[in-house]
Amino acid sequence: MSTQTMPLAKAVTAGLRAALEADPSVMLMGEDIGRLGGVFRVTDGLQKDFGEHRVVDTPLAESGIVGTAIGLAMRGYRPVCEIQFDGFVFPAYDQITTQLAKIHNRSRGRIQVPVVIRIPYGGGIGAVEHHSESPEALFAHTAGLRVVSPATPQDAYDMMRAAVASPDPVIFLEPKGRYWSKGDVDLDSPVPSLDDAAGPDPLGTARVARSGTDVTLVAYGPTVATALSAAEALAAEGTSAEVVDLRSVSPLDVPTVAESVRRTGRCVVVHEAPSFFGSGAELAARLTEECFYSLEAPVLRVGGYHAPYPVAKLEHEYLPSVDRVLDAVDRTLAH
Amino acid sequence: MPHQVIDGSDVGSADVTPLVQLVAPTGERVHEPDNDGDHPGYAARVAHLTGDDLRAMYRDMVLTRRFDDEATALQRQGELALYAQATGQEAAQVGPAHALAAPDMVFPSYREHGILHVRGVDPVDRLRLYRGQDHGGWDPAEHNVALYTLVIGSHVLHATGYAMGVQRDGAVGTGDPERDTAVVACFGDGATSQGDVSEALVFAAVNDAPVVFWCQNNQWAISEPTTRQSSVPLYRRGEGFGVPSVRVDGNDVLACYAVMAEALERAHAGHGPTFVEAYTYRMGAHTTSDDPTRYRERAEEEYWRQRDPIDRLAALLRAEEHWDDDWAAGVAAEADALGETLRAGVRALGAPETTSMFDHVYATPHAQVAAERAWFERYEAETAEQTAQDAETAEVAR
């Protein structure tokens with residue numbers, strides 16, 4: 001077994017490298033991903049090793065990247081597109097929602113479009129406008145797309161390989177604020193299959209990141225670490241918090257969360273995206289339906305505000321912090 | 001470049017851009033000057049076509065026109081939700097389709113009924129989308145024709161990406177006609193304003209992708225004339241991206257064939273994309289929901305009716321003694337038979353299963369779709385049971 005300690009960004013790189021090695025139809029496309037290795041260096045060294053036809057520096061046109069990736073997929077390729085920053089995905093939003101998401105359905109299953117859209121997302125890096133956004137709800141609202149976000153290096157490695165192997169398009173949201181957080185990665189872990197209806201969905205199954213009994217904290221991507229820190233602080237105060245890492249917002253693993261909430265009776269959902277019409281709102285509605293009689297308090301949300309992502313000087317007031325999570329937990333416990 | 005100049009000023013346009021024409025509206029061949037260098041001349045590209053070839057093109061144009069008439073009637077009878085007519089554009093569709101090689105892949109917009117006809121897509125399948133029965137309707141792999149795409153210009157990028165895949169497969173420049181593959185992106189004058197079309201030209205140009213950008217300028221994007229899309233002739237859009245570009249008389253089936261043949265040759269050889277503006281006219285409405293009397297003049301429609309592409313080919317066949325009344329009667333009978341097949345086939349389509357809306361949303365199991373499908377099936381079953389019980393109660397009461 002080959003286990004190495006590496007930052008999350010490098011685990012994504014390892015996942016891409018493994019996918020490129022495993023399948024000659026896999027290719028990477030994006031702006032500055034070749035010689036530069038991408039602005040976050042996630043594709044560092046891959047063009048050198050796999051060539052310019054498999055690791056492609058594209059013109060600076062996001063709709064063009066996704067639109068041509070769709071055509072390549074129709075020809076039998078498995079393109080992985082890098083969108084340089086979250087706020088720059090919108091020129092491609094039309095291709096993603098009106099074409100990529102619908103072609104399998106439009107063709108009655110005759111055409112698969114196995115395209116992965118990698119998006120470094122979320123805040124906390126002191127960036128300028130359009131570089132810190134969390135657009136997951138916009139994509140989760142479109143049938144035909146899978147929307148996932150890893151929180152750990154091991155998940156980044158495993159989920160990237162599963163995403164590339166997926167016959168369905170995947171929006172792969174990389175928590176750029178956690179790119180340099182390190183963890184162990186077993187590089188020999190098998191690529192899980194998505195075709196097994198009976199088995200767990202390897203891209204859509206939540207995991208319990210920390211067990212607890214008094215309150216359930218639900219998070220994904222960058223806020224999993226926030227929730228775990230909050231749970232640590234709560235433990236010091238004598239409150240036992242369970243942390244569920246969703247991994248995926250489409251599909252949404254409601255059963256895993258509901259099972260936890262039935263035990264704890266309380267739930268706080270934490271994400272960087274605005275709370276308004278966010279994935280936390282969907283989860284709150286579903287928990288109300290699924291475990292109404294187990295709930296001791298309303299499901300609370302800690303998220304971004306209904307305001308444009310603020311300037312860097314204010315982002316720490318905007319982002320869900322450990323203190324805001326603790327405040328929400330206090331409010332649920334007050335019921 | 002050899003060309004015949006036609007003056008569009010009598011239809012209210014100052015556009016007198018030269019265009020490739022091989023057959024005049026009167027049915028006479030246009031004699032182009034001899035060419036120097038490697039350009040073989042467009043006339044040379046149709047010199048091999050026999051009387052049978054020309055008659056086959058005529059037949060396809062007549063059948064395409066009849067398909068249009070029948071589909072329009074079916075919409076009026078409530079059998080189709082909508083239909084987009086191709087009448088007037090038969091030469092700009094049948095001509096290029098006859099030039100295609102078997103491996104070539106076509107990405108149509110939603111009005112390319114003539115191209116689909118030549119490629120052998122079943123006529124009833126071509127109307128599933130317009131009946132509201134299917135978002136697609138045929139197997140793209142069977143005839144190398146992608147599905148109709150309704151978002152204007154989106155598929156032009158798909159065509160370009162597909163062509164980039166063709167390059168990666170080594171299926172250009174081999175000299176093997178069964179292997180070398182070109183990709184044709186069909187779109188209209190309105191689509192040239194879409195960013196996706198410009199981006200497709202960028203991607204195709206920098207990659208030398210084997211794409212033919214086949215733009216049918218039918219003069220109208222619903223109610224907006226081409227002057228609302230561009231201040232220069234549309235073929236110059238291609239030039240701006242470094243893509244060899246040409247305007248062809250879109251009502252001259254031989255010129256369309258010749259220009260497409262040249263563009264395909266370039267693509268097959270690995271020499272990259274071509275942009276073609278086929279200058280034609282949408283003789284009908286945009287769709288069956290449209291009313292052109294609100295925005296264009298009868299005189300303009302009449303001007304183009306005098307330039308009907310089917311009449312022009314008929315005139316050529318007569319002038320060159322390929323016309324035969326018995327054969328023409330046979331084509332007309334075939335068109336009648338197509339009409340009957342279409343009417344019966346469309347009426348027999350019925351409606352899809354209600355649960356089919358949940359089919360193929362994903363290729364892999366998805367918990368949300370599975371849960372909603374299960375709920376819907378239970379709801380339908382309970383509703384059906386309740387309806388049956390109500391009927392029974394009403395029967396007993398009676």
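1. In chain B, five strands make up an open sheet with parallel pairing, ordered S1-S2-S3-S7-S6. Strands here are DSSP runs of E with at least two residues, helices are runs of H or I with at least four, and both are numbered from the N terminus; two strands pair if DSSP finds at least two bridges between them. The edges are held by S1 (105-107) and S6 (245-249) of chain B, each with a single partner strand, so one side of each has no neighbour in the sheet. From one strand to the next, the twist averages 20°, with axes fitted as lines to C-alpha atoms and angles running from 0 to 180 degrees between N-to-C directions.

2. This is a predicted model, in which local features need pLDDT of at least 70 and side-chain atom pairs count only at pLDDT 80 or more, while totals for chains, interfaces and linings use all residues. Residues are numbered from 1 along each chain as its sequence is written, and chains are lettered from A and ligands numbered from 1 in the order in which they are written.

3. Within the sheet, S3 (residues 211-217) and S7 (residues 274-279) of chain B are joined in the parallel sense by six bridges. Cys215(B) has Glu277(B) in S7(B) as its bridge partner.

4. Chain B contains 13 helices and seven strands. Its C-alpha trace spans about 90 × 50 × 40 Å along the principal axes.

5. Of the 398 residues of chain B, 45% are buried. A residue is buried if 20 or more other C-beta atoms lie within 10 Å of its own, exposed if 12 or fewer, and partly exposed in between, with C-beta atoms placed from the backbone.

6. Asp208(B) sits in the loop between helix H7 (195-207) and S3 and is partly exposed, with 18 other C-beta atoms within 10 Å. Ile222(B) sits in the loop between strands S4 (220-221) and S5 (224-225); it is partly exposed, with 13 other C-beta atoms within 10 Å.

7. In chain A, the peptide bond from Ser250(A) to Pro251(A) is cis, with omega near -5°. Pro251(A) belongs to the loop between strand S12 (248-250) and helix H9 (254-264) of chain A.
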